[in-house]
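Thank you all for coming; I would like to take a few minutes to walk through some helices and a sheet with you. Please keep the picture in view while I talk.

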Amino acid sequence: MSFASIDRLKDAAERNALAINEAKAAGRKVVGLYCLYSPAEIAIAAGAIPVVLCGTRQDPIAAAERTLPRNLCPLIKSSFGFAVEGSCPYLGAADLVVADTTCDGKKKMFELLGEMKPVHMLQLPHEQGPRALDYWREELEALVRRMEADFGVTVTDDDLRGAIATMNRERRALKALMDLPRLNPSPVSGMTMLEMLFKLGFFSDREAIIRLAEDVVAEVHAAADAGALPERPRVPRILLTGVPVGMGSHKVVRLIEECGADVVCMENCTGYKKTLMVDEQGDPLTELARRYLATPCSVMTPNTGRFTMLADIARDFAVDGVVDLTWQACHTYNVEAHKVRSFFRETFDLPVLHIETDYSESDAEQLKVRIEAYLEMLGR
């Protein structure tokens with residue numbers, strides 16, 4: 001079934017790069033973000049436009065490998081390749097890039113990127129206790145000072161509170177969008193959901209993100225309430241966990257659905273990790289630090305929050321199986337795959353298919369065979 005609101009969202013996304021350039025021509029600053037640990041709220045409070053930067057395509061990796069080792073994570077190589085080629089319009093527009101030390105590969109790549117663009121590095125602690133919170137708040141305070149100095153502005157607590165309120169509205173809208181596949185059968189394919197979330201990440205207008213997401217949710221629920229959704233046979237409902245994916249690195253999502261299953265939820269940074277809310281009471285910088293530090297990434301030790309989130313969404317979406325995706329050379333997610341397997345076996349009696357791959361299509365047929373065998377096992 002086709003939804004007009006989804007088509008409008010995709011059409012609007014085609015104008016994103018032009019909108020960024022128009023905003024810059026009008027005097028707005030642009031802040032590029034690579035990771036979910038970098039708070040968009042601080043850029044908004046400084047009057048700038050936060051935008052996610054490119055790093056999900058295979059094409060620029062060859063250019064990156066002239067500098068970076070070949071046995072490095074494809075996400076890092078793709079991000080750097082876009083910079084080398086100058087082929088990401090959002091990076092080209094960025095007045096400041098906010099980076100963070102999530103892993104050693106990114107950290108060293110950002111050193112090289114700093115030779116091309118102004119980069120502010122957030123030194124991320126890798127545990128989530130009280131000492132880490134105090135330290136992380138200082139890191140975010142330093143980011144505020146950097147934007148004030150670079151952009152000639154003053155960021156107040158009220159500015160931060162307003163930005164938090166805006167981003168919380170966006171998170172609620174995105175969560176409602178991602179919750180659509182809780183309907184059974186899902187009215188939206190995993191590939192369609194991934195494309196929507198990916199394209200919304202490049203919007204310069206937060207209100208447009210909220211409005212477009214809410215329009216899709218309203219139209220789908222109206223069709224469901226009217227009994228107008230087409231009947232579909234029941235197929236396995238798959239939870240995708242692990243590394244972030246996007247258009248260009250969507251191979252595994254596509255293959256799962258080509259093999260006859262639905263990817264109904266994504267726990268990764270593409271999906272539900274985006275939806276953690278910021279407390280709007282109290283000191284805004286402390287609450288921002290608390291929320292962003294709580295991001296349940298495998299770089300954290302221990303990473304208990306990931307398993308709390310996995311349990312919640314596995315129940316909410318009534319999943320039949322779990323695919324745990326790791327990019328090659330992403331050691332933290334690769335090691336944590338053992339805990340993911342044990343967790344789902346012991347908590348839900350569900351088998352987990354762990355896939356380690358890169359962005360290329362070279363192993364697509366081999367992966368398809370493994371996915372088909374896994375889905376057959378789920379139908380036992």
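This is a predicted model: local features need pLDDT of at least 70, side-chain atom pairs count only at pLDDT 80 or more; totals for chains, interfaces and linings use all residues.

Helix 8 passes helix 13 in a right-handed crossing, where right-handed means that the near helix is turned clockwise from the far one by less than a right angle, and left-handed that it is turned anticlockwise. Two packed helices are described by the angle between their axes and the distance between the axes. For helix 8 (residues 130-151) and helix 13 (residues 284-293), the axes come within 9 Å and cross at roughly 115°, with axes taken as lines fitted to C-alpha atoms, for helices over the stretch in contact, and angles running from 0 to 180 degrees between N-to-C directions. Among the residues that meet there are Leu133, Trp136 and Leu140 of helix 8, and Leu285, Leu288 and Tyr292 of helix 13, contact being heavy atoms within 4.5 Å.

Residues are numbered from 1 along each chain as its sequence is written, and side-chain values use heavy atoms, with hydrogens and water left out. Helices (H or I, at least four residues) and strands (E, at least two) are DSSP runs, numbered from the N terminus.

Turning to helix 16, residues 364-378, we find Ala364, Leu367, Ile371, Tyr374, Leu375 and Leu378 buried, that is, under 20% relative accessible area, with exposed meaning over 50% and partly exposed in between (1.4 Å probe, protein chains only). Seen down the axis, the buried residues of helix 16 fall within an arc of 95°, so they line one face of the helix; the arc is that of the directions from the helix axis to the C-beta atoms. They pack against strand 5, helix 12, strand 7 and strand 8, whereas on the other side of helix 16 Glu365, Gln366, Val369 and Glu376 are exposed.

Helix 10, residues 190-200, has 10 of its 11 residues buried, so it is largely enclosed by the rest of the structure. Its buried residues pack against several elements, including helix 1, helix 9 and strand 6.

Finally, the sheet: it is open, with 4 strands in the order 2-1-3-4 and parallel pairing, two strands being paired if DSSP finds at least two bridges between them. Strand 2 and strand 4 are the edge strands, each pairing on one side only, and the twist averages 25° from one strand to the next. Strand 1 and strand 2 pair over 4 bridges, and Leu33 stands opposite Val52 in strand 2.
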